[in-house]
Amino acid sequence: MSRQKIVAGNWKMNKSLQDAKMLVEMITNQVNDFDEVTKIIIPPFPYLNTISEQLAKKENFFLGAQNCHTNANGAFTGEVSANMLNSVGCHYVLVGHSERRQYFKEKEADFVLKIKEALKNNISPIFCVGETIHERKTDNHFKVITEQLTTVLKEFTVTEFSKFIIAYEPVWAIGTGETATAAQAQEMHAFIRGIITDIYDSAIAGNVSILYGGSCNAQNAQELFACKDVDGGLIGGASLNADDFCKIIFSF
Ligand code: PGA
């Protein structure tokens with residue numbers, strides 16, 4: 001996958017099926033012919049199949065899932081495998097989101113297994129990293145991001161990594177209304193490209209799309225997306241409103 005402009009909407013645990021269908025309809029109506037940006041809709045599991053059908057004929061719109069299991073199938077009540085996601089038309093899956101780390105105690109070893117399953121099923125991982133406010137205030141943010149990335153990426157070959165998207169999501173900015181400044185985002189995105197250069201090489205690092213996430217909205221997206229190393233956004237709250245999400249898509 002080469003470097004792209006991407007806006008992904010992570011709906012988290014929100015919307016009814018009826019509202020979800022309407023939101024997709026409103027978004028695709030507004031931006032369907034704006035194909036220079038890759039748009040990824042990441043709804044809750046029960047709506048994937050319906051939204052997959054809605055997106056099928058749309059220009060540069062793709063479906064993503066919020067999670068997948070570490071195993072291919074079996075007796076794991078309540079879980080969803082990457083194979084299932086592929087069968088309903090998912091092209092992307094979030095892995096390593098801070099809410100999975102915090103509330104579900106997922107660790108690097110889980111992320112590696114989930115990403116392996118995703119890749120086996122032709123699904124690209126959107127691998128999320130980010131520091132807490134305490135880690136930033138104690139000046140440990142670069143160290144934390146380095147650890148989060150290297151522990152996982154060392155398990156993947158160059159060919160495997162070429163399917164990745166990275167999302168930098170400072171935990172203190174997620175759902176708080178407090179966005180990283182453009183300077184903070186650019187600084188960390190450039191740093192992440194540096195780590196990827198060290199693990200693989202500069203051509204690989206130059207090719208990967210790195211998204212910013214954390215209270216990115218219709219007002220601040222333009223400034224964030226103007227940064228050299230910010231290739232787009234992973235949007236939570238603002239992706240639940242069609243006008244806001246579309247404004248973000250038009251912010252490049
Ligand atoms: P937010 O969420 O835009 O609501 O801060 C971003 C995310 O968690 O992906």
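This note sets out numbered points on the predicted model shown above.

1. Basis of the note. The structure is a predicted model, in which local features need pLDDT of at least 70 and side-chain atom pairs count only at pLDDT 80 or more, while totals for chains, interfaces and linings use all residues. Residues are numbered from 1 along each chain as its sequence is written, and side-chain values use heavy atoms, with hydrogens and water left out.

2. Overall form. The protein contains 12 helices and 8 strands; these are DSSP runs numbered from the N terminus, helices being H or I with at least four residues and strands being E with at least two. Its C-alpha trace spans about 45 × 45 × 35 Å along the principal axes. For 252 residues, a compact globule would have a radius of gyration near 18 Å, and the 17 Å of the protein agrees with this. That radius is taken over C-alpha atoms, and the globule rule is 2.2 Å times the number of residues to the power 0.38. Of the 252 residues, 52% are buried. Here buried means under 20% relative accessible area, exposed means over 50%, and partly exposed lies in between, with a 1.4 Å probe and protein chains only.

3. Strand 1. Strand 1 runs parallel to strand 2 (residues 38-42), to which 5 bridges join it; two strands pair if DSSP finds at least two bridges between them. Asn10 has Ile42 of strand 2 as its bridge partner. The chain passes from strand 1 through helix 1 to strand 2 in a right-handed β-α-β crossover. Right-handed means that, with the strands pointing away from the viewer, the path from the first strand over the helix to the second runs clockwise. Strand 1 also pairs in the parallel sense with strand 8 (residues 232-235), over 4 bridges, and Ile6 has Gly232 of strand 8 as its bridge partner.

4. Most residues other than glycine have a negative phi. Lys12, however, has a positive phi of about 55 degrees, and phi of Lys15 is near 85 degrees. Lys15 is partly exposed, because its relative accessible area is 31%.

5. Strand 4. Strand 4 (residues 90-95) is largely enclosed by the rest of the structure, because 5 of its 6 residues are buried. It runs parallel to strand 3 (residues 61-65), and 3 bridges join the two. Cys90 in strand 4 is the bridge partner of Leu63. Together, strand 3, helix 3 (residues 82-87) and strand 4 make a right-handed β-α-β unit. Strand 4 also pairs with strand 5 (residues 124-129) in the parallel sense, over 4 bridges, and Leu94 stands opposite Ile126 of strand 5.

6. Asn83 and Leu240 are 157 residues apart in sequence and 27 Å apart in space, C-alpha to C-alpha.

7. The largest pocket. A pocket is found on a 1 Å grid over the protein atoms alone, as an open set of points where a 1.4 Å probe fits, with protein on both sides within 12 Å along at least five of seven lines; lining residues have an atom within 4 Å of a point. The volume is the space filled by probe spheres set on the points, which are joined across faces, edges and corners. The largest pocket has a volume of about 440 Å³. Of its 17 lining residues, Lys12, Met13, Gln66, Arg100 and Phe104 are the closest to its centre. Helix 4 (residues 98-103) gives the largest share of this lining, 3 residues. The lining has 8 nonpolar, 5 polar and 4 charged residues. In this scheme Ala, Val, Leu, Ile, Met, Phe, Trp, Tyr, Cys and Pro are nonpolar, Asp, Glu, Lys and Arg are charged, and the others, Gly among them, are polar.

8. The second largest pocket. This pocket holds about 280 Å³ of space. It is lined by 14 residues, and Arg101, Gly130, Thr132, Glu135 and Gln148 lie nearest its centre. Helix 4 and helix 7 (141-153) each supply at least two residues of the lining, and helix 7 gives the largest share, 4 residues. By class, the lining has 2 nonpolar, 6 polar and 6 charged residues.
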